[in-house]
Amino acid sequence: MPESDFIKPLSSEDGHYAGNVYLLTSGKTFSAAASFAWTFAECNIGTIIGEETGGMSVSYGDKLWYHLPVSDLECGISFKRFWHLNADEDDIHGAMPDVTVPASVALDKALSMIKRK
């Protein structure tokens with residue numbers, strides 16, 4: 001792809017946001033949202049407030065479905081293993097918050113942190 005096809009980042013004059021960014025998470029944050037939270041943390045994009053996300057940093061996905069002829073049951077078998085950015089095979093968990101609070105008070109905590117800055 002030629003460099004001219006790349007989208008150039010905005011400058012401060014163009015409206016690039018350079019302030020603090022906060023991400024609220026809970027144990028009900030799964031799937032693409034959990035992957036986003038993991039990447040957000042690994043890339044130091046901002047501050048995560050709340051609870052560890054659901055899901056795991058290393059997991060299986062993409063299923064093949066089979067029909068079992070004798071029992072007449074359907075079953076799915078995962079055939080791919082996925083690792084989040086920089087995930088460690090020996091330390092499998094969800095995205096960890098920088099500020100751990102119950103999800104029910106995460107927004108209040110974020111607002112109080114914003115007011116202090």
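**View 1. Helix H1 in a predicted model.** Helix H1 spans residues 31-42, 12 residues in total. From first C-alpha to last, H1 reaches 17 Å, close to the 16 Å expected at 1.5 Å a residue. That expected span is 1.5 Å times one less than the number of residues. Helices (H or I, at least four residues) and strands (E, at least two) are DSSP runs, numbered from the N terminus. After H1 comes Asn44, with a positive phi near 50 degrees.

The model is predicted: local features need pLDDT of at least 70, side-chain atom pairs count only at pLDDT 80 or more, and totals for chains, interfaces and linings use all residues. Residues are numbered from 1 along each chain as its sequence is written, and side-chain values use heavy atoms, without hydrogens and water.

View 2. Ala34, Ala37, Trp38 and Phe40 of H1 are buried. They lie on the same side of H1, because they cover an arc of only 160 degrees around the axis. The arc is taken from the directions from the helix axis to the C-beta atoms. The face turned away carries the exposed residues Ser31 and Ala32. Buried means under 20% relative accessible area, exposed over 50%, partly exposed in between (1.4 Å probe, protein chains only). Strand S1 (22-25) and strand S2 (47-50) are among what covers the buried residues.

**View 3. The open sheet.** The 3 strands have the order S1-S2-S5, with parallel pairing. S1 and S5 (99-100) stand at the edges with a single partner strand each, so one side of each lacks a neighbour in the sheet. S2 and S5 are joined by 2 bridges; strands pair if DSSP finds at least two bridges between them. Gly50 has Thr100 of S5 as its bridge partner.

Terms used: Contact means heavy atoms within 4.5 Å.
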